[in-house]
Amino acid sequence: MGKCILTVDDSSTMRQMIVFTLKEAGFEILEAGDGVEALDRAKGQKLSLVITDVNMPRMDGITLVKELRALPEFRFTPILVLTTESGIDMKQKGKDAGATGWIVKPFSPEKLLEVVNKVL
Amino acid sequence: MNRWFGRGPDLEAAAMPRHSQEALRPLLARAAAQESTMLEGQVAFLHTELVQVDGLVQEAATTLQQALRTLDDRVKAQHRLALSVQQAMQITGLGIDSTEATATLSATIVGTLDAFVNNMLEISKSSMKLVEEVEDIRIRSDRMESMLGELGDIAGQTHLLALNASIEAAHARKFGAGFAIVAAEVSKLADRSTALSTNIQQQIEGTRQALLRTDTQVQAIASKDLNLAIQSRGESESLIGALDGSTRKVKELVAEMEVNARLISEQVGHVVRSLQFEDLVHQTLQACMQELGNLQEQASAWRALRTGLENGEDASQLLQNLCGTLDEVEAAQVRFKAVKRESLAAGDVDLF
């Protein structure tokens, strides 16, 4: 069984593209459509990495990062933000919340794999 | 400050006399009605169009995702086939990555056949020598037959001599009785010698016939073995040539399949990146929808003004209300660009 990665995005297309890319590399992937669902899915899971969008219904990605960092089991889990947002202010918010890295959409499969392998 | 009528207090300061307000009331109501109707119409139209575009884009993205998965499955299947071909070639000793193995195998087969042909040539030479030996035996047999002829003559003459001796013994009556016995024994020996000579001659004839048959067989074997060996070597060389060609061809095809798989894999990467347009378009459309909501608010504000005017409410207050609503709408206006990227090139990565 490969390492488990949780991908959070309200776009099913984005989630599918992430699943397509990372499953090829042998990772096990969990999916969530927003921050609330992500917190629910994360419970009791041994996650190696979380990849989250920012703009999502119910709970945005920055809040999700803060919520996860508040949980002891995810204090040191790498969290990558994958978003269309590329502004410096928003990036700083992500960094302050505890994100490990920031990837601007669209991602290229090779680059995503490279970054994932780097942070794991 | 609002973009329609300036600041509220200025509006109050510029309040018109009551009779002027009443005169403007129908005009204002009509303008408000036109504005609200127009805005509502535009909002409804744009909303329908945007929803349709969003649906079409999502449907296209879903179809493309399915096609991508199928394509990926097929590419993997093709890769597995190429691996199977490689394994099959290795099992037969013709490893794709080993042209040397093929050359070694060919050399081994050719070497074995050469040894076989050389062996056949030696057998052929021995056979020819055997033919010569058979011929020598035949000549010797002929000589022996000739000698047997002489032996037959001697036996005949001995028999005749014994007959003469027995006649002379008869003439000598009782004095030749012992001599007659000797002559009879000599005659018997001559008879036995003749019978033996005949028997030997028959044996020699049988031997000659056997030698003739042996000679024919040996010559046939020598010729047949050599021809077969040479023919086999030619056929094997052709077969090895064909095998070499086939191996080379398979190797080229497998290499081509690998190149194709790599190219397809690169293209799949582009497709994965480009398919994310659905998310970018969806976010842009969501921002447009939000702005449409603001426009709808404006339309409602204008409609409220019209209704108020038609109901005889205070025009100044109605205008104040309109300004307040428009201020709220302005504050809620989408001021950011939902998707800043203008191409589908991969975005930046920043690790903190």
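**Ground rules.** I am reading a predicted model, in which local features need pLDDT of at least 70, side-chain atom pairs count only at pLDDT 80 or more, and totals for chains, interfaces and linings use all residues. Residues are numbered from 1 along each chain as its sequence is written, while chains are lettered from A and ligands numbered from 1 in the order in which they are written.

**Overall layout.** I looked up the elements of chain A and found 5 helices and 5 strands. These are DSSP runs numbered from the N terminus (helices are H or I with at least four residues, strands are E with at least two). Along the sequence, I read the pattern β-α-β-α-β-α-β-α-β-α.

**Burial.** Of the 120 residues in chain A, 46% are buried. Buried here means that 20 or more other C-beta atoms, placed from the backbone, lie within 10 Å of the residue's own.

**The start of the chain.** I saw that S1(A), residues 4–8, pairs with S2(A), residues 28–32, in the parallel sense over 5 bridges. Pairing takes at least two bridges found by DSSP between the two strands. Between S1(A) and S2(A) the chain passes through H1(A), residues 12–24, in a right-handed β-α-β crossover. Right-handed means that, with the strands pointing away from the viewer, the path from the first strand over the helix to the second runs clockwise. Cys4(A) stands opposite Glu28(A) of S2(A).

**Helix H3(A).** Which residues of H3(A) are buried? I listed Gly61(A), Ile62(A), Leu64(A), Val65(A) and Leu68(A). Seen down the helix axis, they fall within an arc of 160°, so they line one face of H3(A). The arc is taken from the directions between the helix axis and the C-beta atoms. The buried residues of H3(A) pack against S1, H2, S3, S4 and H4 of chain A.

**Meeting chain B.** I found 26 residues of chain A in contact with 23 residues of chain B (C-beta atoms, placed from the backbone, within 7 Å). H1, H4, S5 and H5 of chain A each supply at least two residues to this side, and H1(A) gives the most, with 6 residues. By class, I noted 11 nonpolar, 10 polar and 5 charged residues on the side of chain A that touches chain B.

S5(A) pairs with S1(B), residues 349–351, in the antiparallel sense over 3 bridges. Here Trp102(A) stands opposite Asp350(B).

Key. Two residues are in contact if their C-beta atoms, placed from the backbone, lie within 7 Å. Ala, Val, Leu, Ile, Met, Phe, Trp, Tyr, Cys and Pro count as nonpolar, Asp, Glu, Lys and Arg as charged, and the others, Gly among them, as polar. A residue is buried if 20 or more other C-beta atoms lie within 10 Å of its own, exposed if 12 or fewer, and partly exposed in between; C-beta atoms are placed from the backbone.
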